Amino acid sequence: MTAFIFPGQGSQKVCMGADLAEASAHAREVFQEVDEALKQNLSGLMKDGPESELTMTANAQPAIMANSIATVRVLEKEFGVALADKADCVAGHSLGEYSALCAAGVFSLTDTAKLLRLRGIAMQDAVPIGLGAMAALLGADIDKATALAEAAAEGQVCEVANDNDPTQVVISGHAEAIDRAIEMAKDHGIKRGIKLPVSAPFHCSLMGPAALRMKRALGDTPPEAFTVPLYANVTAARVTDPAEEQALLVDQITGRVRWRESVIAMREAGIERFVELGGKVLGPMIGRIDKDAATVSLVTMEDLENFAKENA
């Protein structure tokens, strides 16, 4: 049994998708449709940079999605490997959940691009720059990270944002609270805390204004039926009801990305292999969650060709 999985923010880099676009008209069509949806030459930014502009949340989110969906389209159109036939479920990390939903037919590519552009803008606008921050806690499990966040809060917001794997948890909240948490990390048995180069404190209660904006936008973008089930970030559980997923996407803005638990849930449901589309970020996490799980990353045309031969 196979899960197709989709990376989130942090996987962007200049030249992403360039190999696919050069080799495949189907990839170029994806990038062109996203450009037209956003009225922006996003594909040019992805190809040539500058990296500082590509990393901006409002650009990174649709760019990462476009790269993942281009990978899916090439796999399907060039090599005849259909996601609906080969995947038993899909999942994505944070914004990757939108990529997964697009791949599963729940949202069109144009709608997904527009939703992610708004999501990026709304998350950026929710907290003035400098007031929020995030930090990765290395050598921290969820219990240690939760205890540290509670101790560092001191009346401010300091919450677990991403439970990535047994050795890495990300916290989010007010900048002063995150700084305190980094200073206190070793006292809580955590190897160290590293402040992340992000422009807003994602996946915490400070994102409330962004959740309200996304609720309105998602209400105006009716989801279609799933071609394959999805494991949602905020519940780490299987979803097939479009209306339920619509609500979960709103909750995801302020809620924890329960990636470790999602992988465990998929493994318990019988998933043996995880295929990452458009990145090599989630595979190593999965290896730390369950060393017996098989992982494959599809990024280049060569990756796709080899995967297609093995799965003919």
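Q: Which residues have the most contacts inside the largest nonpolar core?
A: F4, F6, V34, L83, V90, M207 and L218 have the most contacts inside that core, which has 78 residues. Helix α5 gives the most to it, with 10 residues. By nonpolar core I mean a set of buried Ala, Val, Leu, Ile, Met, Phe, Trp, Tyr and Cys residues joined through side-chain atoms within 4.5 Å. Buried is under 20% relative accessible area, exposed is over 50%, and partly exposed is in between (1.4 Å probe, protein chains only).

Q: Before we go on, what sort of model is this?
A: A predicted one: local features need pLDDT of at least 70, side-chain atom pairs count only at pLDDT 80 or more, and totals for chains, interfaces and linings use all residues. Residues are numbered from 1 along each chain as its sequence is written, and side-chain values use heavy atoms, with hydrogens and water left out.

Q: OK, what is L83 in contact with?
A: Leaving aside neighbours within four places in sequence, L83 is in contact with F4, F6, V72, E76, V90, A103 and V228. Contact here is heavy atoms within 4.5 Å. There's also a second, separate core of 20 residues, including A133, A135, I142 and A153.

Q: Switching to the sheet: in what order do the four strands come?
A: The order is β4-β5-β3-β6, in an open sheet with antiparallel pairing. Strands pair if DSSP finds at least two bridges between them; helices (H or I, at least four residues) and strands (E, at least two) are DSSP runs, numbered from the N terminus.

Q: And which strands stand at the edges?
A: β4 (158–165) and β6 (192–195); each has a single partner strand, so one side of each is left without a neighbour in the sheet. Four bridges join β3 (residues 132–138) to β6, and L138 stands opposite R192 in β6.

Q: Which strands does α9 lie across?
A: Helix α9 (residues 142–153) lies across β3, β4 and β5 (168–174), running at about 165° to β4. Helix α10 (residues 175–184) packs on the sheet too, touching β3, β4, β5 and β6, and its direction makes about 140° with that of β5. For those angles, axes are lines fitted to C-alpha atoms, for helices over the stretch in contact, and angles run from 0 to 180 degrees between N-to-C directions.

Q: What about α15, which of its residues are buried?
A: In α15 (residues 301–310) the buried ones are M301, L304, F307 and A308. They cover an arc of only 130° around the axis, which puts them on the same side of α15. That arc is taken from the directions from the helix axis to the C-beta atoms.

Q: What covers them, and what's on the face turned away?
A: The cover includes β1 (2–6), α1 (18–23), α5 (57–77), β9 (273–277) and β10 (294–298). The face turned away carries the exposed residues E302, K309 and E310.
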